[in-house]
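Please consider the following protein chain.

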Amino acid sequence: MPCQSASASLVSKCTIVPDRKSTLGDLKLSVSDLPMLSVHYIQKGCLFTRPSLPFPALLSLLKTALSSTLPHFPPLAGRLTTDAAGHVYITSNDAGADFIHATAPHIHLRDILSPTDVPDFVKGFFAYGRTVSYDGHFRPIMAVQVTELGDGVFVGCTVNHAVTDGTSLWNFFNTFAEICKGAKRVSRLPEFSRESPLISTAVLRLPAGGPKITFSADAPIRERIFSFSRESILKLKSRVNNRNWINENESIRTVDVAELMGKKTNDTLNLENEKFTAIFENLLRNGHSQTNKTTEISSFQSLCALLWRAVTRARKLPANKTTTFRMAVNCRHRIEPKLDPYYFGNAIQSIPTCAASGDVTGRSTRWCADQLNKSVLAHNDAKVRRVVEDWERDPKCFPLGNFDGAMITMGSSPRFPMYDNDFGWGRPVAIRSGAANKFDGKISAFPGRDGSGSVDLEVVLAPETMAGLESDPEFMQYVSAF
């Protein structure tokens, strides 16, 4: 096994420009985009087994596919620009995206997947380490790094967080893979309109040289992937909702209309799931209904409540210490009129749920889940608009971090189609992220590879807190693999 610090070696770097010129005008950064100027570029990538294609041919194929994909996503080949009034725009000037070829023949799939903690060398699979999104004014908005491994390949995408959120990033990634595989038509085109309440005349005043991140990138942390099977999550949900667990073959009985409606409404990246629609319609035909939607806790909220309790216990906080669990929510469907599901850019807001440490650890998982559920349900069109208005009164960058030692920040989503990235040599073996925006309490939710409703949590914690989480019996009883 390679040492944790072993990294990939740069072989080549070039600029990929769109194979057609852009006709898209400048896009003004929104109230959701601007606060992200102080955070790192997003770094997400897919691990694959080694294709049978010779590597030079593989690189040529990926470069051609990227050039053909960029015309569908012109901002990713552009740059940021600020006008005299201080408004920030994306200019789709076809300047191009970086394409990097790296090699790490000493690293194998098992070296990435087997260790308890995510190895440090994974950070080397991504470009632009610790680059702040404001830097998109004078460097590419996106970079793709392809790292050749001993028995695999890693395709890592680094993209400016002031330009995209997770929904937009994975739509690009899926399209890139789709075109590489030979698709002649793009199945999910991004939408670039800027006619929404998220577009504002307010100006974000930035310091000379641009903003800085608001957390320490050098603080000691550990990073692990905890996997939860569909069966384990349904057991947890049944417990939280005070229902008796039934076996896998009958598990559809535990699914209620409220949860299905939530998934149907929120899942912008799987709009044509025929199996889901059939189940939903069957439930309606058979008279299943949820009479009190506010009391039905979803699977993901149950999982978040479980994590909130376990991390708070591991931190050994005073009972009166206020803890905060932040969840990033997609506002595309929450705002009226609704944004297009494939609206390009950031359309997210952070929902904080606060409670005393003693309540989080002393009350039930159901109580914690109720607090999260209430926060999510309350985040409607009126709330989205109030958040926008509050920001307009005091424009500022997003304060990312764990400032009081009692915060958890949940990002990404198990609904993102991460494993749909088949470039022509099979689905990914795993999803990994880089060093960007990681601090004590940062959690990212990924779908499990089996696609059945399993979830992987990428958990970043202070070393002593991680040790406490690993020995927490309530949490670990639901973990399927780690």
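Two residues are in contact when they have heavy atoms within 4.5 Å of each other. By this criterion, among the contacts that join residues at least 6 apart in the sequence of the protein chain, 80% link residues at least 24 apart. The model is predicted. Its protein chain holds 12 helices and 15 strands.

Of the 482 residues in the protein chain, 58% are buried. The accessible surface of the chain amounts to about 19,800 Å², and carbon and sulfur atoms account for 51% of that area.

In soluble globular proteins, nonpolar side chains tend to be buried together. The largest nonpolar core here comprises 72 residues, and those with the most contacts inside it are Leu37, Leu62, Leu66, Leu76, Met142 and Phe423. Elements that contribute two or more residues to this core include the strands E3 (42-49), E5 (88-91), E6 (97-104), E7 (142-149) and E8 (152-159), together with the helices H1 (55-69), H3 (166-180) and H10 (381-393). Helix H3 gives the most to this core, with 8 residues.

Attention now turns to helix H4. Within this helix, which spans residues 230-240, the buried residues include Ser232, Ile233, Leu234, Leu236, Lys237, Ser238 and Val240. Just after H4, Asn242 adopts a positive phi of about 55 degrees.

Terms used. Residues are numbered from 1 along each chain as its sequence is written. This is a predicted model: local features need pLDDT of at least 70, side-chain atom pairs count only at pLDDT 80 or more; totals for chains, interfaces and linings use all residues. Side-chain values use heavy atoms; hydrogens and water are left out. A nonpolar core is a set of buried Ala, Val, Leu, Ile, Met, Phe, Trp, Tyr and Cys residues joined through side-chain atoms within 4.5 Å. Buried means under 20% relative accessible area, exposed over 50%, partly exposed in between (1.4 Å probe, protein chains only). Helices (H or I, at least four residues) and strands (E, at least two) are DSSP runs, numbered from the N terminus. Accessible areas come from the Shrake-Rupley method with a 1.4 Å probe; for residues, only the protein chains shown count as cover.
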